[in-house]
Amino acid sequence: MNILTLMIPMALLLGIGFVSAFLWATSKGQFDDLETPAHRILNDDNERKHS
Amino acid sequence: MNPGTATNCSYCGIPTQGDFYCCRACEILATQVKEMPVLAVAKNPFSYLDQKEFRDLYRHKNQDEFDFLFFAEGLHCSSCVHLLEKLPQFYEPIEKARVNFGQSTVAVKVSDNGSLAQTAHVIQELGYKPTLLSPHDNIVEKYKNENRSHLKRIAVAGFCAGNTMLFVIPVYAGLAGTWAQVFNFLSFLLFLPILFYSAIPFYKGAWNSLKYQVINVDLPITVAMLSGFALSTVNLVKQDGAIYYDSTASFIFFILSARYLLKRVQQNYLSPTRVQSFFKTEKYILVENGEEKSIPWSHAKPGDLLKIQRHQTLPTDSVLESSRANLDMSLFNGESLPKIFSEGMSLFAGTKVLDESVLVRVKVPFTESKLGVLLKQLDQNALQKSHFITLSDKLAQKLIVAVFSIALVFFFLYMNVNPTEAFNRSLALIVLACPCALAFGSPLTFGLALKKAQKLGILLKDATSLERILKIRNVFFDKTGTLTEGNLQISHSEPAEFPENLKRAILSLEAFSYHPVAFALRKAWAHTLEISTASNVQEVLGRGVQGDVEGCHYEIRHLAESTHEVETGIEVLKDGVSVARLYFVDALRADSRSAVQNLQRQNIRCFLLSGDKKARALQAAEACGIPAENTYGELFPEDKKALLEKHTDTCMIGDGANDSLSLQAADVGIAVKGSVDLSLQSADVYFMRGGLSPLFDLLNLAKQTRHVLVRNLTISLVYNTLGGTLALMGFINPMMAAILMPLSSLAIILSSLWGFR
Amino acid sequence: MKTTGNLIEKIYYDDDIVKKFILATLIWAGAAFLFGLLAALQLAYWPLNANMEWITFGRLRPLHTNAAIFAFAGNAIFAGIYHSSQRLLKARMFSDLLSKMHFWGWQLIILSAAITLPLGYSQSKEYAELEWPIDIAITVVWVIFALNFFMTIRKRREKHMYVAIWFYIATIITVAVLHIINSIEIPVSLFKSYPVYAGIQDAMVQWWYGHNAVAFFLTTPFLGLMYYYVPKAANRPVYSYRLSIVHFWALVFIYIWAGPHHLLYTSLPEWAQTLGMIFSIMLWAPSWGGMINGLLTLKGSWHLLRTEPLIKFFVAALTFYGMSTFEGPLLSIKSVSALGHYTDWIIGHVHSGALGWNGFLTFGMIYYLVPRLWKTELYSKKLLENHFWIGLTGVLLYYISMVVAGITQGLMWRAVDADGSLTYPDFIETVVRIVPLYWVRAVGGFLFLTGFLMMCYNVFKTIQKAPKTVEAKEVLVERTGFDEVTKETHRKLEGMGMVFSVLAFLAIAVGSVIEIYPTLSLHKYVSPNNIVDPYTPLELAGRDIYIKEGCYVCHSQQIRPIASEVLRYGNASTVEESMYDRPFQWGSKRTGPDLARLGKKYPNLWHYSHMMDPRAVTPKSIMPNYPWLAEKDTDFLVLRKKLSVMSELGVPYEQDVIANADIHAQKQAQEIAADLESNGAPKGLAKKEIIALIAYLQSLGQKGKVQ
C-alpha cells in the first residue's frame, strides 16, 4: 500500500489547510455573529419581488 | 385590500391580514429609501448627544469597524436588518451600519462632522427606539476574545480527534506491521495539538484546584488525559500495548464543546437587552452662571446645581434647592405613592422627580450615594454565592477520590504479580473512570435547563440556583409589586355608581397628574374618552387638585393617611359640596393567594416583608394566607436582610432596590417582573412574566433538572463501574475504550436532550 | 436615491456570465439526458447500439456520465456560484476576462470530451475518463476559475463570508487536489496515457477521487447553492445558521476518507475497507444536518409551495439528498455492500442523487434565476408544475426499478442450492430477469427528459417575452467593507500571497507525487510467491482495446471472497494479479459477468464469435455487436512506446521485448489468427484488433506464476 505514502500526507495537508482556514476565520470574527448573516442575504436590491 | 382576505406583503411576501405591507420596515424599503431631512437641533430630542461629553462617553475607541453602538428596540425581522443597514442612505455622514440581530443592536460608523443626534433621529423615524450603549455595556465585545479562543480550541480538538480516529481504526481492524507503526505514530502526532493547545483550560482549572485546595472536575480530566497520553506514548515507544489517543482526544473535544454551549447560553442573559445600564442616556441640565447646558449622568459633581426634569431619576444624592418637590421613592421602599420634600431636605439617587422641574444641588459623587454604596455592597457579596458547590461537583469529588484510591491500591497489590500489567491496568482505570461523562453531562444539562427556563420566561443567572431552590424551606415575599399588582385600583366608592359627567370632570382635573391615583382612575374609566378641558387648574402638591370643569368648580382632596391607614382615599367636592369619595387599594395579584397556599402545603413557611405601613402589610398578609406573626411592615432594606438571615434555606421574592440586599442574602433571590433593573444585579432569578406562577414552573424545572442530573450520574456511574472493573481485570483495550467512551457520552447527550424535550 | 455621496458607490454585477452558464447548462443537460436515455434503451433493447462504434454502450456511458457531471452539473454550479457569490460578497467578479475564459474554456473541454470519448479515447477511470491533454486543460481552466473566485473574495465588501461561500471554497480547493492527484499519468501518444498508479494503488486513488468527486463536485457546491437559493426563494432565513456552519466544518474535516467504501470485499486490505465503512457511516450525520436545515427553513412557510411552485423542486431535492445520504452509508456497511455492489442498486442510488438532488436543485435554481436575470415573469407556472410532477415520477420510476433490479441481481447471484451449487449458474439468467426493469427505468428517464424539455420551452418563451434592452440595475454598496486606505497594499500582497500559496501547494503536491511514483511499485508488498507476469505486448494492445471499447462499464475483474462468487467465477482476486494494471480494471458494475478468470475458459473461436455477435454464443445476451474489431488494424508500432513507458513505471519488461514489442505482438497475433482460421473463422485477421483483444481476454487470470 505504498499509495498511502501519498494519500496520507495529502489528506492531512488538506485537513490542516481547512483547520487553518477555520482558525483564521475565527480570528477575523467570521463566527462572532451567527444569526444576522442568514437575514442579510435575503435583501439584495436586484431581486426584490414586484407587487 | 379587503381585510380578512389572504394577502402577502408587497415587499417581502409574508402573509398579511389584508395590509399592503407587513410592517413599517417593508413599507419604507419599498417606497422611500432616500436621504432624510436633518431635523433642527431645537426639535431633536437627541440633540444633547452631539455634545462632546456625550460623544466621548459613547464612542467605542477600540473598534475599527464602528464608532457607536445603538440598541434598537423593535428589531424583529430580515427587513429590519436590511433597513437599518441602509442607514448610510438616509443620512450621508453615516459611513457604515451593521446589525447584530441576536443582540438587537446596530453598530454605526459616523464621520467626524456627522451628527449623532440626527443618526438617533433617523433610527427612530425608521421605527426603532434607539439607546446608545457605551463601551462598558458592550457585552458582545467583552466575551468576544474568550469565545473565539474557546472555539479555536474546539476546532483543533475536533480535527485531531476525528483524524486520530482515522489512524487508529485500521489498527483495530487488523492492520499490522510497518504501516501500523506509522499510523500509531501519526495518531501520537495528532494528539499533540490537543495536549499543548486545546487542553489548556483544563490545565488552568486543575492548577486552580490544587492551588485553592478545592477539588473541581478539571483535575481528574487533566490527570486522565495525561495518563492516557503517557500510557499510550510509553506503549508506542515499546511498540507493544494499548494506545488510547483517540478516546482521550474525543472526550476532550466533547467536554470543550459542552462547556462552550453552556457559556454561550449564559452570556445571552448578560446581553444589552437584559442588563440595561441604570442611567442609560440620561442627560441632566446643569445650571451654571444662569446658563443651562446638558451633561451626561457621569459628569454630575458635588456642588453642581442641576435642574431635574419630570420623570428623571436623580443622578446622585443631593439637597433640594426648590421649595417643594414630589418624589417617587419606589426604588427604596417599593411604594408608588409620592413623598413630599421641602427645601433643604436630602434627596437620594435613583428616586424619580414627579414635578415639572426641580432644582437640586449635588452632595456627593454617585459612588458615595446611598445607591452607589448599595451597589458596591452587592458586588462584594456576590462572590460568596459562587462558592456553592453543586451536587455533581460533590459527587465528582467523591468519585475522583474513590478512583484514585482504587487505582493506587490495585497497583500496589498487583505490582508483585506483574508490574507492567499493574501499571497498564491502573492507568487504564484512571483514563476510563474519568468523570468526563460528569464533566460534560453537567454543563450540557445546565445549558439545556437555562434554555428551557428562558422559554418559560424565567431568567437564571446561573444554573446552581436550580439546585438550591429545591432546598427552600422559608419564602419571604415583598408586598408591593410582588404579592400585589404594584399599582392602585379603585376598591370602592361612595356612591357606588358615578354619573358620567362626574367621571369626566374628575378625569379632566387629573388629566395631567402622575399621581398613582390618577393612573388608577384613568385605567378604571378608560372608556370615558371625551374629557373636557379643565380651567384654572391648581395642584396642591400632596393635597389634591382643583379647577373648573364645565362651569362647576371641582376639588379633589387626598384623605389623610392617618385616618385611612389601609386604603388611599380621595374626596371629590363640587362647588364646595362633597359629592363622592373614592378608595383605592393596591390589589392582590390573582395568583398570590394560591401561590402562598401551594407553598404552605409543601411545608414551606411564608413570610411577608414590606416597607409599607404595618396595617397595609397585615391586610395583604391576611388576604394571602400568610400568618400575622410572619408579617412585618415599615422595614428598611437592612431590616429585611437581618430578618431573612435569621433563617436558613431561604428564598426572597421581591421587587425594587429596597429588596436587593435581601435578594442577595437569600439562598435564592427571585426578582419579579416590573421591578427595577437593579434587581438583576442582586437576584439569581428573574421572572419575565407577571405574577407568581413562574415560581412553580421554576420548581418543576428544578425537579426536572435534578432528575436529568441523577440519570446522567447513574449512567456515568454504571459506565465507570463497568469500565473500571473491565479495566482492572485487563479486558480493556483501546478499541473497547474508544467504543465505551463515545457510547457513554452519547447516552448522556440523549438523556439530557430527552429530559428537556 | 442620493448617490453622490462618495461613501456609497454604484456597482454592477456581471450577470452576463450567469446567463451564459445557464444556457450552457440547459444545452448540455439536454445532451446528457438524451445520452442517458439512449444508454438506458440500449440496455433494454440492444439493437439500439446500431453496430456503431461511437455510440455503443461502452463508449456512450462515459459520455453520459461526463456530460451529466461536468457539462450539466458543472455549468449549473458555475452559474449559481457566479450569481450568488457576487451578491453574497457584494462585489463584481474580479475579472470579466477570467470569467469569459472560464466559460469558453469549460465549453471547449466539454466539446473535446464529446469528440474524444465516442472515439474511444478514454482512461477508463470513472468520471476521469478524459485523456491527458484534456486533463491539463481542466487544470488550467480550474485555476482560472479559482483565481477569479478567490480574488473576488479578496475584494469583497461584505466582511462576513456566508456559509455558501465556504462550500464553494471547499469545492474549488478539493476538486483541484483530487483532479491533479488522480490525473498523474504518463502520455504515450496524443490521446493515450497510463496512470502512474497500478492495480490496487490505482483503485485506491481512483475511488478516493471518485467518491470525493461526488462529495465535492456534486454535494458541497450544491449545498452552497441550496443555502443561498432556498432562503431566497422562500424569503426566509436559513433555519439554523449555526447548524450550517457546524455541519460544513464537520463534513470538511472528515469527508476525505469515505472513498474505500467503493472497494469493499475487493482485494483492498480489510482494515482499509473497515475504515471506509466507518467514516462513511459517520458522514451520515453532517449530511443530514444539511437536509434538515434546508427543509426546516420552510417551516411555517409551506403555503409557499402553492404560491411559489419552484420551491417544490427544492423540497424534493432536499428529500432526495436525505435519501441518498442515508442510503450511501447503508451501502457502505460490508454486508449490504456484499449484496449491492456491482448491481443496479448502485445505479439507482446514483440517479436518485443525480436526478433528484442535483437535477431538481438545478431546475429550481434555473426557474428562480431566469425570470430575474431577464427581468420578466416566468412564461407558465402551470408548465413548471407539470414539469415537477412528470420529472418526479420519472425519478421515482428510475430509482425503484433499479433498486429492485439490483437486489434481484444480488440475490440471484448469491443464491445457492441445498447441495451447495449455484441456483443460477448462468449469468444470463440474472440478466434476463431484470430486462423488463430496464424498460421501466427507460420510461422513468424518458419522463425526466420530457419534464426537462418542458422547462426548456418555458425558459425559451420566458426569454422571448423579456424586454429587449434592459438597463443594468446598479447596486448601492458602501465603498469599502474594510479599512481600505491603510490596508490597501497589505491586501494586495495578501491577495497575491494567497494565490501564490495555493499554486505553491499544488506544485508541491505534484512534485511530491512525481518523486514518489518510482517507489509505487508493489514489489515490497507482494508475496514473492504470487507475483505475476506482465502482459505480453499483444495482450497489452488488447487491454487498451478493452479500455477503449469501455468493456469495464459492464464487466468487472475482481472476484470477491464471497462463497457464491468464488463458486461462480473462481478463486478470489489477489492484490498481485492486478499489480501491473495501468489503469486498474476492477470495474464497478456487472451488467455482464466478471472476467477476472476468463482466461483459457473458452477457445479463441468462442471469443471471436462472441465479439462479432454475442447472441451467437448467448442467445439472450444484451451485449452489443463489435464488428469493427474485425476490420480495424491493431496499432503495433506504438507498442514499443507503450512498453517503454510501462517499464519506466516499474513493470519488469526485458529490453528486447520493449525494443521489438511490435514484432513479438505480431508473432503472437499470427498464432491466434491461425488458430481461429483453422476453426472456421475468416482469414487474414492477424492484424486486426479482435486478435489483440482475444489475446488479452485469454490472459485474464492466467498471469500468475503459480496457479
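Biologist: How many residues of chain B are in contact with chain A?

Modeller: Contact means heavy atoms within 4.5 Å. Here, 28 residues of chain B are in contact with 28 residues of chain A. This is a predicted model: local features need pLDDT of at least 70, side-chain atom pairs count only at pLDDT 80 or more, and totals for chains, interfaces and linings use all residues. Residues are numbered from 1 along each chain as its sequence is written, chains are lettered from A and ligands numbered from 1 in the order in which they are written, and side-chain values use heavy atoms, with hydrogens and water left out.

Biologist: What area is buried between chain B and chain A?

Modeller: Buried area is the accessible area (1.4 Å probe) that two parts lose on being put together, summed over both. Between chain B and chain A it is about 2500 Å². Carbon and sulfur atoms give 63% of that. Look at Arg148(B), Phe159(B) and Trp179(B): they supply 23% of the area that chain B buries against chain A, more than any other three residues.

Biologist: How many salt bridges are counted between chain B and chain A?

Modeller: A salt bridge is a side-chain nitrogen of Lys or Arg within 4 Å of a carboxyl oxygen of Asp or Glu. The count between these two chains is 2. Asp32(A) and Arg148(B) meet in a salt bridge, at 2.4 Å from N to O.

Biologist: Which elements of chain B supply the side that touches chain A?

Modeller: Helices (H or I, at least four residues) and strands (E, at least two) are DSSP runs, numbered from the N terminus. On chain B, α3, β4, α6 (139–172) and α7 (178–198) each supply at least two residues of that side. The largest share, 8 residues, comes from α6(B). By class, the side has 15 nonpolar, 6 polar and 7 charged residues. Ala, Val, Leu, Ile, Met, Phe, Trp, Tyr, Cys and Pro count as nonpolar, Asp, Glu, Lys and Arg as charged, and the others, Gly among them, as polar.

Biologist: What does the salt bridge of Lys263(B) and Glu146(B) tie together?

Modeller: The closest N and O atoms of this pair are 3.0 Å apart. Lys263(B) lies in α10 (residues 245–269) and Glu146(B) in α6 of chain B, so the pair ties together parts that are 117 residues apart in sequence. Over all chains, the structure holds 46 salt bridges.

Biologist: What is the strand order in the open sheet of 4 strands?

Modeller: Two strands pair if DSSP finds at least two bridges between them. The order is β4-β5-β3-β6 in chain B, with antiparallel pairing. β4 (94–100) and β6 (129–133) stand at the edges with a single partner strand each, so one side of each has no neighbour in the sheet. Neighbouring strands are turned by 30 degrees against each other on average, direction ignored. Inside the sheet, 4 bridges join β3 (residues 68–73) to β5 (residues 105–110). Phe71(B) stands opposite Thr105(B) in β5(B).

Biologist: Which helices lie across these strands?

Modeller: Axes are lines fitted to C-alpha atoms, for helices over the stretch in contact, and angles run from 0 to 180 degrees between N-to-C directions. Helix α3 (residues 78–85) of chain B lies across β3, β4 and β5, at about 160 degrees to β4(B). Helix α5 (residues 116–125) of chain B lies across β3, β4, β5 and β6, at about 25 degrees to β3(B).

Biologist: How are two packed helices described?

Modeller: By the angle between their axes and the distance between the axes. In chain B, α20 (residues 592–601) and α25 (residues 693–729) pack at about 35 degrees, with axes 9 Å apart. Ala595(B), Asn598(B) and Leu599(B) of α20(B) meet Leu695(B), Phe696(B) and Leu699(B) of α25(B). These contact residues divide into 5 nonpolar, 1 polar and no charged.

Biologist: Where is the cis peptide bond of Pro495(B)?

Modeller: The bond joins Glu494(B) and Pro495(B), with omega about 0 degrees. Pro495(B) sits in the loop between β18 (484–494) and α18 (500–510) of chain B.
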